[in-house]
Amino acid sequence: MKVYIYELPSKYNSDWLSNERCSSHLFASEVAIHRALMKSDLRTEDPYQADFFFLPVYVACNFSTVNGFPAIGHARTLIAAAIKLVSREFPFWNRSLGADHVIVASHDFGSCFHTLEDVAIADGVPKLLKNSIILQTFGVKQNHPCQDVKNIVIPPYISPESVRDTLEKSPATGYRDIFAFFRGKMELHPKNVSGRFYSKRVRTEIWRRYGSDRRFYLRRNRFVGYQSEIVRSTFCLCPLGWAPWSPRLVESVALGCVPVIIADGIRLPFSSAVHWAEISLTVAENAVVELGKILDHVAATNLTSIQKNLWDPSIRKALLFNVPMMEGDATWQVLEALSSSLSRSHKRSSVSIG
């Protein structure tokens with residue numbers, strides 16, 4: 001299998017790297033995958049030898065001056081301009097209508113390119129991308145307009161270097177003095193100014209029920225060194241936010257804390273490599289009232305077995321994007337997933353027909 005990477009003008013990718021957050025925040029898989037593929041043996045500089053074509057457009061690096069969060073209102077326009085460019089200068093998009101082209105959409109609702117679900121659903125997947133392959137963090141088991149396209153669910157980006165630094169100080173198999181951990185946004189009044197309920201009230205319910213429970217280490221404020229807390233924790237709560245997925249899924253696994261997934265219907269990344277049922281707990285959103293009892297039961301029964309599976313280094317590797325790519329890591333898993341879609345390769349279909 002070979003991948004051709006379009007060399008686009010810098011306004012589509014490298015210009016955004018002037019802000020160093022672009023290559024390190026939770027949506028930065030769009031940067032990491034590009035960099036890893038550039039150094040991969042599977043890259044070809046001859047597009048006629050390619051099975052797939054990678055379109056390196058960074059859409060998640062436009063950080064808001066108001067709140068510092070990524071603003072992706074420009075994403076559709078930027079991607080459309082990139083497609084127009086490669087369609088004009090190369091024959092490859094037009095001959096397959098983009099079916100063998102790969103694009104990263106590493107933000108809240110993936111290929112719908114909006115941070116709020118109702119707007120994302122109303123907008124849907126851009127018509128231009130309907131035939132393409134989207135690498136996206138968003139995935140659910142039920143039908144959803146934002147996955148009405150060939151897609152591969154990928155993990156959010158967590159710096160492999162930060163994980164390694166944390167584990168050098170505190171190994172994953174070390175002593176854990178925190179029973180249940182969560183640090184992040186937990187609104188006391190979950191109805192947002194937009195009229196929407198953040199986290200479907202789940203995080204608010206966790207805070208109300210367990211904020212004063214000494215077994216639960218819950219913090220609503222930011223803390224740069226929070227990975228040092230994860231590596232001390234037995235269970236790490238991973239409730240939905242606006243979208244079902246969360247960087248906590250990767251951080252908890254990478255640092256050996258059992259992820260407690262509270263996001264109904266979520267589709268998790270790389271299930272062929274990461275056997276999620278063996279390394280995590282899933283708690284229904286409406287069962288948060290029983291969360292304490294559930295964790296107590298697991299701690300008294302099969303916690304040791306879960307931790308043994310979780311602490312396998314190959315599990316951690318499968319969820320982290322390394323540059324250069326390492327066998328078994330997240331970019332490697334993406335390429336493995338792409339290899340099952342070689343029927344989309346124009347080169348292969350041309351050979352078979354001939």
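Biologist: Number the bonded cysteines in sequence order: what is the pairing?
Modeller: The pairing is 1-2, 3-4, 5-6. This is a predicted model, where local features need pLDDT of at least 70 and side-chain atom pairs count only at pLDDT 80 or more, while totals for chains, interfaces and linings use all residues. Residues are numbered from 1 along each chain as its sequence is written, and side-chain values use heavy atoms, with hydrogens and water left out.

Biologist: Is Cys238 buried or exposed?
Modeller: Cys238 is buried, with a relative accessible area of 2%. Buried means under 20% relative accessible area, exposed over 50%, and partly exposed in between, with a 1.4 Å probe and protein chains only.

Biologist: How many disulfides by that rule?
Modeller: Three disulfides. One joins Cys22 to Cys61, S to S 1.9 Å. Cys22 sits in the loop between β1 (3-5) and α1, and Cys61 in the loop between β2 and α2 (75-89), 39 residues apart. Helices (H or I, at least four residues) and strands (E, at least two) are DSSP runs, numbered from the N terminus.

Biologist: Which hand does the link of Cys22 and Cys61 have?
Modeller: Right-handed, with 75° about the S-S bond. Cys22 is buried at 0% relative accessibility, and Cys61 is buried at 4%.

Biologist: What about Cys112 and Cys146?
Modeller: Those two form a disulfide with S to S 2.2 Å. The torsion about their S-S bond is about -110°, so this disulfide is left-handed. Cys112 lies in the loop between β3 (101-105) and α4 (117-123), and Cys146 in the loop between β4 (133-136) and β5 (150-153), so the pair ties together parts 34 residues apart in sequence. Both Cys112 and Cys146 are buried.

Biologist: Which cysteine does Cys236 bond to?
Modeller: Cys257, with the sulfur atoms 2.2 Å apart. The torsion is about 115°, so that disulfide is right-handed. Cys236 is in strand β8 (residues 233-239) and Cys257 in the loop between α8 (248-254) and β9 (258-262), so the pair ties together parts 21 residues apart in sequence.

Biologist: Change of topic. How many cavities are there of 30 Å³ or more?
Modeller: Two. On a 1 Å grid over the protein atoms alone, a cavity is a set of points where a 1.4 Å probe fits but cannot get out, and lining residues have an atom within 4 Å of a point. Grid points are joined across faces, edges and corners, and a volume is the space filled by probe spheres set on the points.

Biologist: What volume has the largest cavity?
Modeller: About 60 Å³. It is lined by 13 residues, and the closest to its centre are Thr137, Pro156, Trp245, Leu249 and Pro269.

Biologist: Last one: where is Arg35?
Modeller: Arg35 is in helix α1 (residues 29-38). Arg35 counts as partly exposed, at 35% relative accessibility. Leaving out residues up to four places away in sequence, Arg35 touches Leu17, Ser23 and Val323, a contact being heavy atoms within 4.5 Å.

How values were computed:
1 Å grid on protein atoms, 1.4 Å probe; cavity = no way out; pocket = protein on both sides within 12 Å on 5 of 7 lines; lining within 4 Å. Disulfide = S-S within 2.5 Å.
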